[in-house]
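Subject: the model, plus some notes

Hi,

Here is the structure I said I would pass on. Have a look at it first, then read on for what turned up.

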Amino acid sequence: MTGLGGFALRRVVGAVVTLFALSMIIYVVFYVTPGNVAQITCGPRCSPEQVHQVAQQLKLDDPLYLRYWHFLQGLFAGQDYSTGTSVEHCPAPCLGLSYQSDQQVTDIILAKLPVSFSLVLGAMVIWLVLGIGTGVLSAWRRGRVTERALTAITLAGVATPVFVIGLILMIVICGQLQLLPFPQYVDFTDDPEQWAWNLLLPWLSLALIEAANFARLTRASMLETLAEDHIRTFRAYGVGERSVIARHALRGAFASVISLNAVTFGSAVGGAVLTETLFGLPGIGQELVQAVKVVDLPVVVGMVLVIGFFVVLANAVADVLYAVADRRVVLA
């Protein structure tokens, strides 16, 4: 296959290979470690009989390649877990069983994903609008007071930690001005209006940091595009400056913005730990922190796998969208 279809197919194959390599690395890092892996997996409250049962479930007496194959079988075909009194089936994709909470890791993650997606999707809309708008205005007003002020604000946004912005917004908006309630997650299906109002502050806290990065990238890409020959040709033919900015210069900056947005979205799904912890949002990030605290190994492994999956998926989607925006990538 050639052209865009072939390029997309190559990226899909590359993403699958990357996920396979990622799963192997994660398995080795977490399950091939010094110490009693069965005891760590089962938890500190397990009896010797339960630890022995977990060791049999994980096939710890088998060679490493067979143990990893058993791990992959759970992901693609599911597997059965013995809970002592009964056998529980974990359907594919099975990420394991949390012996401390007696829950399937997949169920735990699926319960937390809507919260993280709600946070990231809403923040993404804000950081794209603010970031691209600020970058375009900064490039358009290059050398003027407006450009200098926006550059200073952007640098301040990049340098400020998300928890600092979140605390300031909570103290001022929720505490002093009382314009918004203190965030408390409400499911979208229960009350869409309250869902949005309670997430507005976390959206702003996460988006303001990322918007600064998008503003810098958009400004740099647009300045580079505005210096190209075809832009000078448009201006020589009398095309208006607003048309040059909106129809030609901004289009040239889209490819870089698409790539950065995909990477940012993929990492933010599992990386918004500070935002979720600060505002008490029960998402993937906060669940990962809790699992690390109590050393719930199956949950930690499952969370890391899911986060890695979204990062790889986002990068693959970014490559395809990049090629759609700039067909020269397909020929490279």
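Let's begin with one side chain: is Asp319 buried, partly exposed or exposed? Asp319 is partly exposed, because its relative accessible area is 30%. Before I go further, please keep in mind that this is a predicted model.

**Salt bridges**

Asp319 has a partner: Arg11 forms a salt bridge with it, and the closest N and O atoms are 3.4 Å apart. Arg11 sits in helix α1 and Asp319 in helix α13, so this pair ties together parts that lie 308 residues apart in sequence. Arg11 is partly exposed too, with a relative accessible area of 31%.

**The largest pocket**

Next, the open space. The largest pocket holds about 520 Å³. It has 18 lining residues, and those closest to its centre are Leu75, Pro93, Leu95, Leu305 and Phe309. Two or more lining residues come from each of α1 (3-31), α4 (64-77), α5 (105-140) and α13 (297-325), with α1 giving the largest share at 5 residues.

You will find Leu95 in the loop between β2 (87-90) and β3 (97-98). Leu95 counts as buried because its relative accessible area is 14%, under the 20% cut-off.

**The enclosed cavity**

How many cavities of 30 Å³ or more are there? The count is 1, and the largest cavity has a volume of about 190 Å³. Its lining is made of 18 residues, with Tyr31, Leu58, Phe71, Tyr81 and Gly96 nearest the centre. The elements that supply two or more residues to this lining are α1, α4, β1 (79-82) and α13. Of these, α4 gives the largest share, 3 residues. The lining of the largest cavity splits into 12 nonpolar residues, 5 polar and 1 charged.

Phe163, Leu167, Ile168, Ile171, Val172, Leu177, Leu179 and Leu274 together make a nonpolar surface patch of about 740 Å². Which element gives the largest share of the nonpolar patch? Helix α7 (residues 162-176) does, with 5 residues. Leu274, on the other hand, lies in helix α11 (residues 273-279). Leu274 is classed as partly exposed because its relative accessible area is 47%.

Cheers

Definitions and conventions. Residues numbered from 1 in each chain as written. Predicted model: local features only at pLDDT ≥ 70, side-chain atom pairs only at ≥ 80, totals over all residues. Heavy atoms only, no water. Patch = residues over 30% accessible without salt bridge, like charges linked within 9 Å, V, L, I, M, F, W, Y side chains within 5 Å. Areas by Shrake-Rupley, 256 points an atom, 1.4 Å probe, with all protein chains shown as cover. Salt bridge = Lys/Arg side-chain N within 4 Å of Asp/Glu carboxyl O. Helix = DSSP H or I, 4+ residues; strand = E, 2+ residues; numbered from the N terminus. Buried < 20%, exposed > 50% of the residue type's maximum accessible area, 1.4 Å probe, protein only. 1 Å grid on protein atoms, 1.4 Å probe; cavity = no way out; pocket = protein on both sides within 12 Å on 5 of 7 lines; lining within 4 Å. Points joined across faces, edges and corners; volume = space filled by probe spheres on them. Nonpolar A, V, L, I, M, F, W, Y, C, P; charged D, E, K, R; others polar.
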